Amino acid sequence: MKRSRINEIMRSADDFVRSFGFTLPPFAYWTPDQFRKFRGEASGIIQSRLGWDITDFGGNDFDAFGLFLFTLRNGDAADLAKGRGMLYAEKLLICRTGQMTPMHRHNIKAEDIINRGGGRAIFELNMSDADGNIDNDADVVVRTDGMERRLPAGGRLRLGPGESVTLLPGVWHRFWADDSDVLLGEVSTVNDDFTDNVFAGNIGRFSEIEEDEAPLHLLVSDYDRLLAG
């Protein structure tokens, strides 16, 4: 993706989020120079990978195959084994019409995905077989707002504003906006985007960036490279 396109997505995403009465935290609006200035105090932001996350999943076609995310809080995966500490994460996501998030599952992360406003979100769901691959025969059982739902393999769940689905580890899912853009919330176990995303097919989690202009704000994928030293 071109950096200019990422900057454009950031501006429009901020407007969309604010239209629902939600404001991103102050560090979201830091310039790269401000991030470098506060690098010491912001070690928790950097280590937990909080902030802007815009991906085209390596396909270079964000409008058709991409997702906007902003990680608001995230614990430490090392605490999961202890069973105590900050064991949770929270994100905002924006699904634009015509845009798909590819089929994937998680090994560890359980997540509630909540329609916070806009149109309807559609989730296509499958269970995993014994080898962790997509099971095209088994019924899918999930909870929506605490109520058990059963769908056939590959069944589609439609969530309107205020509705949510709980996706446990091993549940394959892909999703998109139905009739208009959707603001989604995600509340989950500690999030690890480097090791806990399993995609159906050869898909990358982060984008390759062409630096055609300066960053408006840093992406989480920029931290190691642009805040080093």
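**Exercise 1. A charge over a ring**

Which residue lies over the face of phenylalanine 16, and at what distance from the ring centre?

*Solution.* The model is predicted. In this model, arginine 96 sits over the face of phenylalanine 16, 4.8 Å from the ring centre. The cut-off for a charge over a ring is CZ of Arg within 6 Å of the ring centre and within 35 degrees of the ring normal.

**Exercise 2. Aromatic pairs**

*Solution.* 
- Step 1. Take the total. There are twelve aromatic pairs in the structure.
- Step 2. Take phenylalanine 27 and tryptophan 30. Their centres are 6.4 Å apart, with 70° between the planes. Planes over 60 degrees apart count as edge-to-face, so this pair gets that label.
- Step 3. Check burial. The cut-off is under 20% relative accessible area. Phenylalanine 27 is buried at 10%. Tryptophan 30 is buried too, at 17%.
- Step 4. Take tryptophan 52 and phenylalanine 68. The ring centres lie 5.9 Å apart and the planes stand at 70°, so this pair is edge-to-face.
- Step 5. Tryptophan 52 belongs to strand E1 (residues 51-55) and phenylalanine 68 to strand E2 (residues 67-74), so the pair ties together parts 16 residues apart in sequence. Tryptophan 52 and phenylalanine 68 are both buried.
- Step 6. Join the pairs. Ring pairs link Phe27, Trp30, Phe35, Phe38, Trp52, Phe68, Phe70 and Tyr223 into a cluster.

**Exercise 3. The cavity**

How many cavities of 30 Å³ or more does the structure hold, and what lines the largest cavity?

*Solution.* 
- Step 1. Count. A search of the whole structure gives one cavity of 30 Å³ or more.
- Step 2. Size. The largest cavity holds about 160 Å³ of space.
- Step 3. Lining. It has 19 lining residues; Leu67, Leu69, His104, His106 and Asn197 lie nearest its centre.
- Step 4. Elements. Those giving two or more residues to the lining are E2, E3 (88-95), E4 (100-105), E5 (111-118) and E12 (172-177).
- Step 5. The lining comprises seven nonpolar, six polar and six charged residues.

**Exercise 4. Alanine 177**

Is alanine 177 buried or exposed, and which residues does alanine 177 touch?

*Solution.* 
- Step 1. Locate. Alanine 177 is in strand E12.
- Step 2. Burial. Its relative accessible area is 5%, so alanine 177 is buried.
- Step 3. Contacts. Leaving out residues up to four places away in sequence, alanine 177 touches Cys95, Arg96, Thr97, Gln99, Arg120 and Val182.
- Step 4. Distance. Aspartate 112 is 65 residues from alanine 177 along the chain, and their C-alpha atoms are 17 Å apart.

Terms used
Residues numbered from 1 in each chain as written. Predicted model: local features only at pLDDT ≥ 70, side-chain atom pairs only at ≥ 80, totals over all residues. Heavy atoms only, no water. Phe/Tyr/Trp six-rings, centres within 6.5 Å; stacked < 30°, edge-to-face > 60°. Buried < 20%, exposed > 50% of the residue type's maximum accessible area, 1.4 Å probe, protein only. Helix = DSSP H or I, 4+ residues; strand = E, 2+ residues; numbered from the N terminus. 1 Å grid on protein atoms, 1.4 Å probe; cavity = no way out; pocket = protein on both sides within 12 Å on 5 of 7 lines; lining within 4 Å. Points joined across faces, edges and corners; volume = space filled by probe spheres on them. Nonpolar A, V, L, I, M, F, W, Y, C, P; charged D, E, K, R; others polar. Contact = heavy atoms within 4.5 Å.
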